[in-house]
Amino acid sequence: HKSEPPADNSNLHKGQQKEGHAYGKHTEKDILMWTRELESFVVEGSRIFHDAELLGSNIAVSCDMCHPDGANTHPETYPKFQVQMGRVVLLRDMINWCIEQAVRGEVLAADDPRMRALEAYMLAQRKGVKLNYGKR
């Protein structure tokens, strides 16, 4: 599994932050800890994305069978109108549609750690792509 490193947020604790500023008390250690936690989250999402059993598939299908390395998921375009559902959906709605329809698994709650990890992985795979929500 591969993932891009997260954004460099080290500048959050430098510059014009003052006492009382939202980022005024963050240290380099905080930034390092958050970076490692995010990388761990994305790696877990990659594991789930590429493993039918972790995903909960009833037919041994994983996300990467249709979307190798997160290809063609375009999380930066959500929310958007999704024809197959006939409504505007969030990324997690589309993930659940795929789990239910293609993977033949049980939908995941929005706060399920697997859902959150899948979203993090897909977004990480598209790092640097201009946000263009609503695009079909």
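Among contacts in the protein chain between residues at least 6 apart in sequence, what percentage join residues at least 24 apart? The share is 55%, where contact means heavy atoms within 4.5 Å. The structure is a predicted model, in which local features need pLDDT of at least 70 and side-chain atom pairs count only at pLDDT 80 or more, while totals for chains, interfaces and linings use all residues. Residues are numbered from 1 along each chain as its sequence is written, and side-chain values use heavy atoms, with hydrogens and water left out.

**Overall architecture**

The protein chain contains 4 helices and 2 strands, arranged from the N terminus as α-α-β-β-α-α. Helices (H or I, at least four residues) and strands (E, at least two) are DSSP runs, numbered from the N terminus. Of the 136 residues, 32% count as buried; buried means under 20% relative accessible area, exposed over 50%, and partly exposed in between (1.4 Å probe, protein chains only).

**The nonpolar core**

In soluble globular proteins, nonpolar side chains tend to be buried together. Here the largest nonpolar core has 22 residues, and Phe49, Leu55, Ile95, Leu118 and Met122 have the most contacts inside it. Such a core is a set of buried Ala, Val, Leu, Ile, Met, Phe, Trp, Tyr and Cys residues joined through side-chain atoms within 4.5 Å. At least two residues of this core come from each of helix H1 (28-49), helix H3 (91-101) and helix H4 (113-125). The most is given by H4, with 7 residues.

Within H3, the residues Leu91, Met94, Ile95, Asn96 and Ile99 are buried. Their cover includes helix H2 (52-55), strand E1 (80-82), strand E2 (87-89) and H4.

**Helices H1 and H4**

H1 and H4 pack at an angle of about 100°, with their axes 7 Å apart. Axes are lines fitted to C-alpha atoms, for helices over the stretch in contact, and angles run from 0 to 180 degrees between N-to-C directions. The two helices are therefore roughly perpendicular to each other, a term for angles of 65 to 115 degrees. The residues of this contact divide into 11 nonpolar, 2 polar and 3 charged. Ala, Val, Leu, Ile, Met, Phe, Trp, Tyr, Cys and Pro count as nonpolar, Asp, Glu, Lys and Arg as charged, and the others, Gly among them, as polar.

A search of the whole structure finds 1 aromatic pair. The ring centres of Phe49 and Tyr121 are 5.0 Å apart and their planes stand at 50°, so the pair is tilted. Rings of Phe, Tyr and Trp (its six-membered ring) pair if their centres lie within 6.5 Å; planes under 30 degrees apart count as stacked, over 60 as edge-to-face and the rest as tilted. Because Phe49 lies in H1 and Tyr121 in H4, the pair ties together parts that are 72 residues apart in sequence. Both Phe49 and Tyr121 are buried.

Most residues other than glycine have a negative phi, and most peptide bonds are trans.

Notes: Angles under 35 degrees count as roughly parallel, over 145 as roughly antiparallel, 65 to 115 as roughly perpendicular and the rest as oblique.
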